[in-house]
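The entries follow the order in which I looked things up.

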Amino acid sequence: MKHAMMESLRDFWGVYRRKRVGMAGLALLGVFIALSVTAPIIAPHDPYYDQNLAGYFAQPEWLSLFGSNEPLNIFIDAATILGDTSGATYHTSENGSYYSMNPPVRIYVPVEYTYDPPSRIVIKVEISSPAFVRILVTRPDGATFTFLEKQLTASHSLVLLEADTWSLKTRETLFQGLTYPLAERELFCRWENGTAVPISGTYMFVIRIDSSNTVMIKALDVRIYGGRFGLLGTDERGRDIWSQLIKGTWLALTIGILAAFLGVFIGVSYGLVSGYIGGWVDELMMRANDILLAIPTLPLLIVLISVLRNADVLVISALIGFLSWNSIARIARSVTLSLKERTFIEAARAIGVSDARIMLRHILPHIVPLAYAQFALLVPSAVLTEAVLSLLALTPPTLMTWGKMLSNAGATGGTTMWWWTLPPGIFLTALSLSFVFVGHALDEILNPRLRRRA
Amino acid sequence: MASMRAYIARKSAYLFLTLVAVATVNFLIFVLMPGDPVAILAQSTRLRPDQIERLIEMYGLRKPLWEKYVLYLRNMFTFNFGYSYYTKNSVWNDIVGRLPETLMLVGAAVFLSLVIGVALGVLAAEKRGGSADKVVLFFGLSGYALPGWWIGLILLTVFGYGLGLFPLRGSITIPPPTDTVGLALDRLWHMFLPVTALTITSFGGPALVTRNQLLDVLTEDFIVVLRAKGLSRREVMYKHALKNVLPPLITITAISFAFVLVGAIITEGIFSWPGLGLYIVQAIGVSDYPALQGVFFLVATAVVLANYISDILYAVVDPRIQLIG
């Protein structure tokens, strides 16, 4: 039995491997499976939670090859800043580690900067005793700006300075959340005839802390967020688009396969039973099927999912699967009807084989080959349906599918960033195509009606 | 012919039953909706008090479930969909106003995808296994897998934003051109990208059906006989084989219509085309349930009707169809 199955599988493979389209589909599918299996290694970032990996709307790193002068991330931490500063002592205690310094504290952070102005700078200073903090920066051309002058109480010890946001269109930097606004709006460039010209060189960030006691510094960070990041840049919250893309493969495969499996299972069972029983039951079941088939799935799903709210992967897959079995039921029924009158079935019935056994052992094997093809064709339709639901922002924001990526790009004006909008669509199409190709090849081999006249 | 009349009568009865079922599904969703509809309506600041009172009256919101159901069915079949929360107009008027815009897109896309699909299908079947067949197969199958709205997005980005060749939104320039020719050209200019996007994704179905059906027919004995009689391949193909593709093509037209109609929902959203699709997208954004329900019922009705008409035509065209089935 097992041997015979291996034999027929080998025969099948012999035919299948000659189908170019089928092999292309299989190869493509292999690529996607490889991508989703290696995702934890090649796409290390969480598609939703790992925010601020770089600036917002960062370009792909390799765009520098084509003339982009956006900076990469320049993150300077306390160890780097204070490690070689005389007077800072490193302590570790149960409450975490800190540096202690004797007042007055003068910390100098030189940053070599030769790029276009950054979109975002964050300077973080956390101290555990009251102090007067002043943060300044001296530009390569000698001009000095004050970021902040503030008396910090112990309860208010965290300074988070954010210089936002390098607008994509007007290329204009605005500083937000500053206690003292800068005299000039542009820190990293000077104005020449109405255009901003970046200034290259060493920028000296100075952090001055005055206090009567020893200053305990719990955190000290100077972060210039990059305008270039990773293979595909970042989205509107500084998340890694490459990671979203690769991890979306896994989501798409899961949703597509779950939904298709459910759809095929329901459809085959329904059609088999309906066709085999026949008579008014068949009529009733097929009418019910026609009615369900007539209801456009997508609008129905849109309404259902907006009523359910926050549907997770399982619920979405189940709903899509549950609404996509109708045409398979028709196919299964027509195969059953044509077989039912054949002599071998009549013979089986005459010698007293039970109905259930006839259906499962004698009719089902004739439906299964067609079901494989239908399964392969249902996967892409389920994946594309889910993409539309995501595009319309009907799925939870944490479910970072390819459709959601495009939805985010559309909602935040990122449609002109081709590295953001092209890959999800290409992946969506390629994954769908791989299944369609495989399904088509299976259909040609296993559907007797399409066999070439020998 | 008596059997034909009986067939049509039966199909019509089923049509009615199907429409009742669609309305029932619609009603179930209506009942499933989160929250008490009366309370939600009462809080609605978007509607005038008299509109709210009329809605409560219309849907029998304070009446028992079965009365609500009967009222609901009656409302659906008299196209009495209530008022949109968003536009404050009656949903029916909103729909009637937007329907021509959608039909224009859908009509053009269905027509083009049928013409292109059948032509490519014939070409592929003629040269089975040849390079034409492979190309058609590839593009036909890609059409299955391509998300039309994404194609729309890319077309809009490249030809709209990038090259500035086509308009970014809407169905007509404001203010519209005054002369008839200018108006028509303006229309076509606005339609070009959305119709292209819809067509690219919908010609695959007709192409593959035509190809497969033709291949099926070409293996039949009568074709061999015709070839043996001395008819050329072309004559066999166009005079005899192609005829057999007609019945399934009618079904495919109905399916294409449904497919394109639903596809237009998203595509209209991308192109801000002021039809039913954009109406639905806006309704989702503001939870405008009466609008969603109305459009959903109408789209479902259109699809059911298309199938009904295709069933009747199929029987007329293909005498082999047993009218008992």
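Entry 1. I looked up the relative direction of helix 12 (residues 402-411) of chain A and helix 13 (residues 418-446) of chain A in this predicted model. Their axes lie 9 Å apart, at an angle of about 155°. Angles over 145 degrees count as roughly antiparallel, and the two helices are therefore roughly antiparallel to each other. I noted the crossing of helix 12 of chain A and helix 13 of chain A as left-handed.

I then listed the residues that meet. Helix 12 of chain A brings Trp402(A), Met405(A), Leu406(A) and Ala409(A), and helix 13 of chain A brings residues including Trp420(A), Pro424(A), Phe427(A) and Leu428(A).

Entry 2. I turned to the contact between the chains, where 35 residues of chain A touch 38 residues of chain B. On the side of chain A, helix 6 (279-294), helix 7 (297-308), helix 11 (355-391) and helix 13 each give two or more residues. Helix 13 of chain A gives the most, with 9 residues. I recorded 23 nonpolar, 8 polar and 4 charged residues for that side.

Entry 3. The crossing is right-handed. Among the contact residues I noted Gly117(B) and Gly121(B) of helix 5 of chain B, and Gly205(B) and Arg211(B) of helix 9 of chain B. This contact divides into 11 nonpolar, 5 polar and 1 charged residues.

Terms used:
Residues numbered from 1 in each chain as written. Chains lettered and ligands numbered in written order. Predicted model: local features only at pLDDT ≥ 70, side-chain atom pairs only at ≥ 80, totals over all residues. Left-handed = near helix turned anticlockwise from the far one by under 90°. Helix = DSSP H or I, 4+ residues; strand = E, 2+ residues; numbered from the N terminus. Contact = placed C-beta atoms within 7 Å. Nonpolar A, V, L, I, M, F, W, Y, C, P; charged D, E, K, R; others polar. Axes fitted to C-alpha atoms, helices over the stretch in contact; angles between N-to-C directions. Parallel < 35°, antiparallel > 145°, perpendicular 65-115°, else oblique.
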